Amino acid sequence: MNLRYARTFVTVAEMGTVSKAAIRLRIAQPALSRQISAFEQELGLKLFDRVGSRLVLTGEGEQLLADCRALLNYASALDERAQLLRRGDTGVLKVAASPQIIEGVLADFLHEYGGQYPNVHVKLIEVLGWPDTAGMLERGVIHLGQNLLRAVQPRDPRFGSHPLEAIDLLAACHPSLLSSAGETIEISGLAPYPLLLPDGSFAFRRTFDAACRLAGFEPSLKFESRTPHTLLAMAECGHGVAVIPSALRTDRHTLRIVGLSYRGKPLREPLALFSDNRRPLPGYATRFCEMLAEHMRNVFPITRSTLSKRVAKRPVSRQGQSGRRRAG
């Protein structure tokens with residue numbers, strides 16, 4: 001259906017005469033009359049009867065008037081929607097991420113992003129491994145998927161990557177263990193301890209196992225889990241040393257936490273957001289990547305060595321204490 005004809009029909013019905021409708025639509029009367037005739041031919045119906053100088057709707061015209069108005073309103077709304085989408089600040093953004101990143105990063109970040117993009121609805125999907133994320137990207141189920149940067153080969157043409165901060169591997173245990181460790185410990189220093197490890201679905205578990213092989217020892221596995229917070233609970237109760245990512249929140253537990261290193265270098269894995277190269281990202285998705293990268297630079301690591309936490313809290317001098325007492 002020609003929307004221009006429908007608009008002319010509605011205007012003539014509202015104004016009652018061709019002359020008044022032509023003035024409102026800013027077209028010549030003959031052109032307007034031709035449009036009405038063309039619309040009647042297209043529909044196969046007579047829409048108006050002429051009564052003196054006025055045009056009066058036929059019975060069929062009266063029944064079609066409400067439908068044409070609804071059609072024009074829908075077309076107008078569709079045009080407005082398209083304009084908003086072209087601006088790149090309205091739509092739905094589907095993001096897959098690990099439970100740790102959702103809890104440690106995205107739960108807070110979504111408020112920040114929503115402040116700038118209030119018309120974008122972010123739908124989070126919890127995933128545990130790259131195969132699930134890759135499948136959802138290729139099927140078009142999600143726009144962005146978070147994982148370790150090395151989950152995708154550098155020259156894989158299917159996926160684009162948007163780098164994020166790196167996560168460090170940490171050792172968490174009851175305060176009575178690793179008492180001689182500083183902010184970091186060589187991975188070989190874990191050899192005497194029973195270990196609480198994430199299962200093989202975690203990519204950083206493979207990083208840990210590889211580092212153990214390079215260090216020349218086989219870890220003593222006490223317990224493994226798909227839920228890192230279970231590892232924290234076991235460690236807090238003294239069952240062993242848990243290996244966790246620095247993106248994990250640990251503030252609800254009383255633990256000694258140290259970084260893990262191999263030959264003095266921290267065990268570290270860069271993160272990234274991945275997208276499907278065959279599918280162009282809307283502007284608000286690209287901006288999500290940029291804002292999240294900046295946010296993570298400011299808040300990472302979520303968890304760090306307990307020693308560094310103590311150092312970060314500057315002791316108050318006696319002068320400062322006495323000054324505060326006087327002020328009180």
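In this predicted model, Ser 225 counts as buried, because its relative accessibility is 10% and buried means under 20%. Ser 225 belongs to strand 9, which covers residues 220–225.

Leu 47 was examined next. This residue lies in the loop between helix 3 and strand 1 (48–51). Leu 47 counts as buried because its relative accessibility is 0%. Its contacts, leaving aside neighbours within four places in sequence, include Phe 9, Phe 39 and Glu 40. Val 56, Leu 57, Thr 58, Gly 61 and Leu 64 are in contact with Leu 47 as well. Gly 59 is 12 residues from Leu 47 in sequence. The C-alpha atoms of Leu 47 and Gly 59 are 7.8 Å apart.

Phe 9, a contact of Leu 47, is one of the buried residues of helix 1. Tyr 5, Ala 6, Thr 8, Val 10, Thr 11 and Val 12 of helix 1 are buried too. Helix 1 runs over residues 3–15 and has 13 residues. From first C-alpha to last, helix 1 reaches 18 Å, close to the 18 Å expected at 1.5 Å a residue. The N-terminal end of helix 1 is capped by Asn 2. A side-chain oxygen of Asn 2 lies 2.9 Å from the backbone nitrogen of Arg 4. Just after helix 1, Gly 16 adopts a positive phi of about 90°.

Two helix pairs were then considered. Helix 2 and helix 3 pack with their axes 9 Å apart, at an angle of about 105°. The two helices are therefore roughly perpendicular to each other, since angles of 65 to 115 degrees count as such. On helix 2, the contact is made by Val 18, Ser 19, Ala 21, Ala 22 and Leu 25. Helix 3 contributes Gln 29, Leu 32 and Ser 33.

In the second pair, the axes of helix 5 (residues 99–116) and helix 9 (residues 283–299) come within 10 Å. These axes cross at roughly 125°, so helix 5 and helix 9 are oblique to each other. The crossing of helix 5 and helix 9 is right-handed. Helix 5 makes the contact through Val 105, Leu 106, Phe 109, Leu 110, Glu 112, Tyr 113 and Gln 116. The residues of helix 9 in this contact include Tyr 284, Ala 285, Arg 287 and Phe 288. Met 291, Leu 292, His 295 and Met 296 of helix 9 also take part.

A cis peptide bond joins Phe 300 and Pro 301, with omega about -5°. Pro 301 sits in the loop between helix 9 and helix 10 (306–312).

Arg 26 is not a glycine, yet has a positive phi of about 60°. Arg 26 is located in the loop between helix 2 (18–25) and helix 3 (29–43). Arg 26 counts as exposed because its relative accessibility is 80%. Arg 263 is likewise not a glycine, and has a positive phi of about 55°. The loop holding Arg 263 lies between strand 11 (256–262) and strand 12 (265–266). With a relative accessible area of 69%, Arg 263 is exposed, because the cut-off for exposed is over 50%.

Technical notes. Residues are numbered from 1 along each chain as its sequence is written. This is a predicted model: local features need pLDDT of at least 70, side-chain atom pairs count only at pLDDT 80 or more; totals for chains, interfaces and linings use all residues. Side-chain values use heavy atoms; hydrogens and water are left out. Helices (H or I, at least four residues) and strands (E, at least two) are DSSP runs, numbered from the N terminus. Buried means under 20% relative accessible area, exposed over 50%, partly exposed in between (1.4 Å probe, protein chains only). The expected span of a helix is 1.5 Å times one less than its number of residues. A polar contact is a pair of N or O atoms within 3.5 Å; within protein, one must be able to donate a hydrogen and the other to accept it, and residues adjacent in sequence count only if both atoms are side-chain atoms. Axes are lines fitted to C-alpha atoms, for helices over the stretch in contact, and angles run from 0 to 180 degrees between N-to-C directions. Angles under 35 degrees count as roughly parallel, over 145 as roughly antiparallel, 65 to 115 as roughly perpendicular and the rest as oblique. A crossing is left-handed if the near helix is turned anticlockwise from the far one by less than a right angle, and right-handed if clockwise. Contact means heavy atoms within 4.5 Å.
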